[in-house]
Amino acid sequence: RGASPKHNHTSRGAVNMSRPILNSADATSSAMDSDEDTGTDSGYGSSVKGPDTRWVPVCCTAGCLCHVCYIVLFMTYMVVFPLWCKWLLTAPMPFTYWGEEYPDFPRMPLMYTGISQTEHETAPQIEISPIPQVQSSCNYTCASDLRGYRTSEMNFDIALRMNSPNLSNYSHTTYPVILTSEDFEHWMLAADRRDASPQVFFDQVTSESGHMYASVQDRCTKPKASTFTDHKAYVIACVSWRSLKDLEDLDGDDSAVPVPPIGGGEEDSGWTNEDIAAKCDVIGGVCGWPCNSDMPFISIPGCTASGHIDQAMLDALLPEKPLGNVTVQACTSPDTEECVTSVQPMSQWPCHECVVRERDERRRLRRRLRRLAPGLTPPAGLGGGLPGALPGMSLDDDEDADEDEEDDEEEGEVKYRSLPRFLAKYTNAVPPKDMDIVSSPKVHILAAHSMEGPWMKLYDPIDPESDYLPPTPATMPAQKDTYKTSEEEVRSMSLLASNKLTLSPQSCFGKRGPMYIVACAVNQSAYDDGSQWQNSKDKRFSPGQKVMPPPFNDRCVAVAGRCGHACEPHSGNHTIPHCLPNGYINISALVGDIPIKYNRVTPVFAFVYVLLFGFAVKMVMLCPGIFSPYRHCAYYDPELTRELKYILVVGVTGGGDEGKGTMVRNTIGMVSGLPPLCRCKFVVANNEEGHRLEMLTCWEKFCNVIASIPNFGGLTYEENLRQFTALWCEETKTMRLDSVGGKVKNLDPSILARLCGKTTLAKIKKEDNWSKFGAQAFGKLEAAITALEQDLATDYNKFTPMIPHRDYVKDWVPPDPNSTSLRMHFTSRAKPKEDARNIMVQHVAVGTWYYKVPMNATPSQWLSLRKNCQEMVYAQHDEDDGLVKVPLRSSHGKAGGLNFVDNYITLAYERPENRYGSEQDEAPSLYAIADARHQFQPDFF
């Protein structure tokens with residue numbers, strides 16, 4: 001836009017040449033370091049033409065060797081690249097990308113995919129409840145939440161039972177996942193652990209280990225058993241498959257007869273070892289000093305370090321009865337409904353305080369007896385039991401009952417120390433081969449001070465007719481009523497199938513009709529691996545998500561499937577593929593060898609074709625010229641500059657952070673880039689787009705500093721100039737906008753000293769021995785630096801606008817034009833006020849400032865014609881066929897400023913004083929743009 005045809009504009013911080021036969025070494029901008037080490041520490045020297053190496057054979061030069069290496073690498077590239085493209089298609093796909101077209105589903109490493117393939121001919125690894133065929137067993141409301149209305153889509157509850165013995169060697173915890181399909185090709189996830197109960201995982205993996213009987217005993221042992229809280233004790237759980245009535249018939253045992261908590265009943269003589277052998281089918285027990293005792297276990301015969309009774313001693317009590325394993329554990333708290341067992345041995349089990357309270361009727365009667373007349377004999381039996389009310393006395397609440405003493409409550413209760421609440425577990429249960437057994441075993445908790453007995457029962461049957469309530473922990477409120485629960489029911493053990501789960505899905509399985517249901521056990525380690533859920537937000541399954549079809553053994557450690565006609569009666573499953581007569585899916589259809597997946601997919605093919613096309617284009621472009629060496633200069637040669645008319649470096653400031661400090665720092669870098677022994681004009685131009693008068697004043701002060709650099713020491717003025725500006729550039733290159741930018745009100749004194757050149761002069765006197773020339777030699781330079789310092793320190797970032805429609809141009813020539821090739825210029829093109837409502841165009845329109853150019857005008861008249869500018873307005877006739885209207889600002893912004901500089905410099909160096917009088921006047925020029933917020937370094941050119 002308005003640029004001279006002799007120049008090509010490039011981006012800021014770059015250089016461009018109008019013909020390619022020249023190369024100025026390395027034209028890359030460097031903000032910190034030089035590309036080459038000059039071997040000096042002055043910081044300003046640049047390498048000039050190197051030694052003559054024309055005597056070296058051509059084949060041994062560094063350029064030739066590098067060229068040969070390049071050819072070898074290029075030929076290698078021609079061979080390796082096509083092979084690599086082929087490898088992209090033939091190599092296995094990374095495991096993490098398998099099934100990427102489906103939502104995330106945790107996968108196992110390939111080495112573990114054989115876990116669920118080991119038992120194809122045995123029973124199903126997971127037993128699944130049959131698919132219901134009656135309407136009443138199906139739920140058709142599952143689609144209401146999704147669609148807002150009911151459809152034929154349904155679901156139903158599913159019961160699962162894990163039965164995979166081989167799984168115990170590989171997985172500790174597995175989660176259930178239910179997959180459904182209507183055609184065995186398209187699968188979806190219908191339910192997962194969120195729908196499972198009573199647990200969300202399979203606790204056991206086989207029916208044998210999964211069947212367990214458990215019984216949580218009463219919260220308090222009976223008061224008579226408190227003797228076991230401060231002495232060594234053996235506690236055993238006696239499990240029997242016979243009813244309590246049968247146990248009574250053995251020797252008249254009264255296990256089921258209710259006993260009052262306090263007093264009453266016959267003295268319990270306990271069980272002997274012979275009774276245990278006759279009444280128990282399997283026993284297990286613990287031993288130690290209870291209630292957080294510190295007594296060692298070695299002082300208790302037959303007690304192991306873990307607090308269990310030695311198995312040999314237990315086997316001696318029950319010879320030839322290997323009917324399972326019984327364990328006794330203590331609950332950590334007697335108050336909670338759920339029993340959380342302790343992992344400590346018996347000696348560290350906590351004991352708690354229990355209390356036996358009177359019933360309300362007995363307590364009210366005792367209060368009334370206190371108020372009897374002196375000498376009246378209370379009814380017999382008050383101390384040990386309450387036979388009934390006194391004649392003529394009412395048992396209703398008395399209004400004066402609240403006036404009884406506080407210790408009245410304590411008189412009606414008995415506190416004692418109780419052993420912890422016990423949990424008895426019976427695993428690997430084997431019922432005895434006897435016809436006279438019950439459906440669930442019974443358990444009695446017995447304790448003794450030695451293995452010889454006698455053994456006392458820690459719990460008695462509850463007597464609902466007793467005057468006292470059953471024992472309760474002292475921390476719990478008193479019971480209001482005592483329910484008549486049979487001792488048979490209290491001592492019965494409950495069957496817990498820890499390998500069984502029930503799932504109640506929330507999402508639909510599909511439409512009624514042929515249906516496949518697969519139960520998949522997902523390993524916990526794979527499920528909890530975050531890398532398996534890279535595309536999922538919540539790191540878990542989404543109900544209804546699509547699932548990759550079989551084989552499933554790359555995702556499931558155990559798998560089984562059911563098939564059938566869901567929610568519709570049908571004669572059989574023979575019409576459903578892969579369905580066996582027993583209603584299970586053939587396991588060979590669900591598991592199998594996992595096929596290796598390759599990258600032979602459409603996106604990869606398209607990617608490889610694009611690569612090969614680009615490779616072919618590269619070969620066509622580079623192969624013809626690969627054997628032609630590239631001519632370039634290894635060192636900077638000043639003769640290169642003789643083939644240039646001038647080197648122009650332009651720094652443009654436009655306002656904002658680009659104030660005086662930014663301009664000075666930028667100009668220091670541009671001047672320091674003066675190449676040594678430059679054979680052409682080195683032109684530094686500052687273009688001020690902000691049109692600010694103080695910027696011109698500051699530029700003039702800077703030029704005075706450059707002009708005041710002395711010429712002494714046997715060096716030329718240009719050498720001293722380069723040395724001074726190189727050190728000046730080093731002093732200012734680390735400055736940032738927050739220290740010199742537009743937001744700074746006043747410069748920091750240390751920044752000011754470095755920016756104006758004061759520290760540079762001090763250092764160059766000391767480090768480069770300039771001080772030996774005497775103080776008189778630096779008087780003029782010090783005065784110029786002081787003037788620049790005062791200008792920067794006064795009204796920093798406060799500016800006065802120039803005359804808006806006038807161009808400002810200022811030239812600087814060194815005192816001795818022949819002493820250096822450096823030339824400096826300041827330009828600021830006109831910036832008239834423009835109405836923001838007008839469209840900014842490159843043509844003359846209403847509201848545009850313009851100037852007139854005659855048809856026969858010469859380029860030298862360009863600057864003078866711009867002075868006669870005016871604004872085009874309405875209702876003013878301005879037609880002249882002999883003149884051409886040209887906008888004063890044909891291009892806005894810094895781009896227009898660069899064009900202005902280009903035009904001005906082109907005309908300025910056509911002046912006689914700037915011509916060479918040789919062919920160099922017609923040579924091309926080098927145009928460089930130095931962004932105002934950056935800084936060229938001395939070795940840039």
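**View 1. Helices H15 and H17 of this predicted model are roughly antiparallel to each other.** The axes of H15 (residues 717-732) and H17 (residues 749-756) come within 8 Å and cross at roughly 155°, where angles over 145 degrees count as roughly antiparallel; axes are lines fitted to C-alpha atoms, for helices over the stretch in contact, and angles run from 0 to 180 degrees between N-to-C directions. Helices are DSSP runs (H or I) of at least four residues, strands (E) of at least two, numbered from the N terminus. Trp-728, Glu-731 and Thr-732 in H15 meet Arg-754, Leu-755 and Cys-756 in H17, contact being heavy atoms within 4.5 Å.

**View 2. Four strands form an open sheet in the order S2-S4-S19-S7, with antiparallel pairing.** Strands S2 (126-128) and S7 (196-197) are the edge strands, each pairing on one side only, where pairing requires that DSSP finds at least two bridges between two strands. S7 is joined by two bridges to S19 (residues 500-503), the two running antiparallel, and Ala-196 stands opposite Leu-503 in S19.

**View 3. Gln-125 lies in the loop between helix H1 (62-90) and S2.** Gln-125 counts as buried because its relative accessibility is 4%, buried meaning under 20% relative accessible area with a 1.4 Å probe and protein chains only. Leaving aside neighbours within four places in sequence, the contacts of Gln-125 include Ser-116, Arg-161, Asn-163, Val-557 and Ile-587.

Residues are numbered from 1 along each chain as its sequence is written, and side-chain values use heavy atoms, with hydrogens and water left out. In this predicted model local features need pLDDT of at least 70 and side-chain atom pairs count only at pLDDT 80 or more, whereas totals for chains, interfaces and linings use all residues.

Key. Parallel < 35°, antiparallel > 145°, perpendicular 65-115°, else oblique. Buried < 20%, exposed > 50% of the residue type's maximum accessible area, 1.4 Å probe, protein only.
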